[in-house]
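Subject: Structure handover

Dear colleague,

I am passing on the structure we spoke about, and below it you will find my notes on what turned up in it. Please read them with the coordinates open beside you.

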Amino acid sequence: MRDERVLRVQARDHDEVDDGWLCDKGRFAYQSIHVDERVTQPLVRDGGELRPVSWERALGEAASGLRRAAGRVGALAGGDASNEEGYLLARLLREGLGCGHLDTVAGIAPAELHHLADPELQATVPDLEFAHTVLVLGTEPVRDMAILDLRIRKGVRRHGVKLALATTAVSALDSSATLALRYAPGHDADFVQALAAALYGGDVEQHARECQADAGKLRALAELLRTGGEDVVILYGQGVLADPARATDAREALLKVARGLGLSGRAGAGLLAVPAAGANGRGLLEAGFAPGYGPGLRAIGAVGDGTNGGAAGTQAASGTGATGTQVMPDALDAHGIGAALATGELSALYLLNVDPLRCGLPREHWEAALERASTVIAHAGFLTEGLRAHANVVFPAESYAEKEGTVVHPDGRLQRLRPAIGRQGETRAGWSVICELARICGCDLEVLTGPMASQRLFDAVPFYAGLTLEEIGGRGVRWQERAAASAFPAPPPRPGSGGPARRADDSTGAAATPAVPATPAGSAASNGAGHFQPASLWSSPEVEFSPALKFLYRHGLAEARGAAVPADAMDVAATAAREGRPA
């Protein structure tokens, strides 16, 4: 850094996270911090155009719009948001505006993610390098989380890891794989069920036909997982849960595969998810930014059932500072929020570091939703097409080099964000903007500093209990390795199952959380919306506006808009893999 400008980014030496590597986005995206296109002052729509205004006017306009729409507000958060920002925005909606319609951009039912987050089943990043066998399921690491692509290649080359791939298109890892097979896009649940059948008995042929996979290769994959060694890591993309109608089937089959292979409680083995919602998708879920879930993966029940009534119930769900406003029990997910905006049931939308037209949500549905919304408030570093056309108020968002707070790595490691440079222009801390907006709306969140926001979050999440910023330090802390991990709540039962879900090490199920629907109200399963397709990391504005990376942007944007390559299009898919392999 020099004169409050980032001049270069180098990798740290941290074997538990990055092994000293950076992908191209990590190395060169800093260039977007200082480009002219970046938003560095508040904007308000005036005369049909977004124009620079004072912070006082921007906050006042945003507060007025939210108050008018109280009870009819939805919120979406992107993976660049910090844990603290998600936690505080959830409190603003639930305590200040009386609605719980909030979600990450993935729109995946949090109950499904809750089941798969069992601490006993979590693998670590180094496990990819030292496991006996690694299965990559439903994700392309070089596109979705490039640093893992490098870690897998190292494991194959240096440690003899046996790599198996199960994807919908040819992968950049094919040349390193012991076994690679394809299945039809949109049939993730069918494929995982087919794998479970191949491992433990069932109609493999029927399931293989449903997902258009080779039954012989399925049996070969099952044999590899059974005999390839005890330490097995399954790296799966959360996109395999993106179809709300089949998400529970996919989750149950994946858990059957993992537990049947003896991965529960085994060091060096387990499940590792690539977040569909972006880098901090896991952290936002744990912070309570999810429909029907408060901080710490505690389900919020219906008003009057003892889990959500009045101030005490809201405080239990949201942390501290409850105002007594009851949470709406029929919380909408991302798909439901879009549908409700399009029909006028919701009138305002709060966007935290996300543009719905850029993140993999069904574009045509969200164009209609944004057109109908009367108030759209956004935190953004760049005016992407959805914000430029529809936002009423835009608050300048911090870049990662300016942000303070915490995030959660996909393997559960909390990491601290520290400002490396001063905030550019008139940019303010995201957490402070949310707190000021809440105060104007009559809901004082009583947070005055960044560390105070972090501490409120730690206090609200039972399995973060006792955590401090000093303990996180410069290397982070995996919460699964702390004593407080025992407070992880048992996931809710599947509707109609007749009893609480059980952790792998739980013989009673007594600590189960209140049951919540596996598919939140208003999801794509019931409103006919298209499925979420996780966006490539190369489709982000930081890539678009970084001179060294912009050549990758068009390829990433095509993926984000659903230009999927069919499984049998070998030549086209191979070309895409070469062009999209920047790491």
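Leu297 counts as buried because its relative accessibility is 1%, which falls under the 20% limit used for that word. This residue sits in the loop that runs between strand S10 (293–294) and strand S11 (298–299), and its phi is near 55°, a positive value in a residue other than glycine. Most residues other than glycine have a negative phi, and that is the reason for listing such places. Please keep in mind throughout that this is a predicted model.

Glu446 is another residue other than glycine with a positive phi, near 55°. Its place is in the loop between helix H17 (430–440) and helix H18 (450–460). With a relative accessible area of 45%, Glu446 is partly exposed, because that class takes in values between 20% and 50%.

The buried residues in H14 are Ala334, His335, Gly336, Ile337, Gly338, Ala340 and Leu341. At the start of H14, the backbone nitrogen of His335 has a side-chain oxygen of Asp333 within 3.2 Å.

Turning to the chain as a whole, the secondary structure comes to 23 helices and 17 strands, and 60% of the 583 residues are buried. Of the contacts with a separation of 6 or more, 73% are accounted for by residues 24 or more positions apart. The accessible surface comes to about 21,000 Å², and carbon and sulfur atoms hold 48% of that surface.

His14 lies in the segment before helix H1 (24–28) and counts as buried, at 1% relative accessibility. Leaving out residues up to four places away in sequence, His14 touches Asp19, Gly20, Arg413 and Arg475.

Once its neighbours within four places in sequence are set aside, Ser546 is in contact with Phe28, Ala29, Gln31 and Ser32.

S9 pairs with strand S8 (residues 232–237) in the parallel sense, over five bridges, and Ala273 in S9 is the bridge partner of Tyr236. Together with helix H11 (residues 247–260), S8 and S9 make a right-handed β-α-β unit.

The other arrangement is an open sheet of three strands, in the order S15-S16-S17, with antiparallel pairing. Strand S15 (405–408) and strand S17 (477–478) stand at its edges with a single partner strand each, so one side of each has no neighbour in the sheet. Strand S16 (residues 413–417) pairs with S17 in the antiparallel sense over two bridges, and here Leu414 stands opposite Val477 in S17.

Finally, which aromatic pairs does a search of the whole structure find? The search returns eight of them, and one of these is the pair of Tyr183 and Phe191, which is stacked, with 4.7 Å from centre to centre and 20° between the planes. Tyr183 and Phe191 are both buried. The rings of Phe463 and Tyr464, by contrast, have their planes at 90° and their centres 5.4 Å apart, so this pair is edge-to-face. Phe463 and Tyr464 are likewise buried, and they belong to one aromatic cluster that also contains Phe458, Trp479 and Phe488.

Key
Residues are numbered from 1 along each chain as its sequence is written. This is a predicted model: local features need pLDDT of at least 70, side-chain atom pairs count only at pLDDT 80 or more; totals for chains, interfaces and linings use all residues. Side-chain values use heavy atoms; hydrogens and water are left out. Rings of Phe, Tyr and Trp (its six-membered ring) pair if their centres lie within 6.5 Å; planes under 30 degrees apart count as stacked, over 60 as edge-to-face and the rest as tilted. Buried means under 20% relative accessible area, exposed over 50%, partly exposed in between (1.4 Å probe, protein chains only). Contact means heavy atoms within 4.5 Å. Two strands pair if DSSP finds at least two bridges between them. Helices (H or I, at least four residues) and strands (E, at least two) are DSSP runs, numbered from the N terminus. A crossover is right-handed if, with the strands pointing away from the viewer, the path from the first strand over the helix to the second runs clockwise. A polar contact is a pair of N or O atoms within 3.5 Å; within protein, one must be able to donate a hydrogen and the other to accept it, and residues adjacent in sequence count only if both atoms are side-chain atoms. Accessible areas come from the Shrake-Rupley method with a 1.4 Å probe; for residues, only the protein chains shown count as cover.
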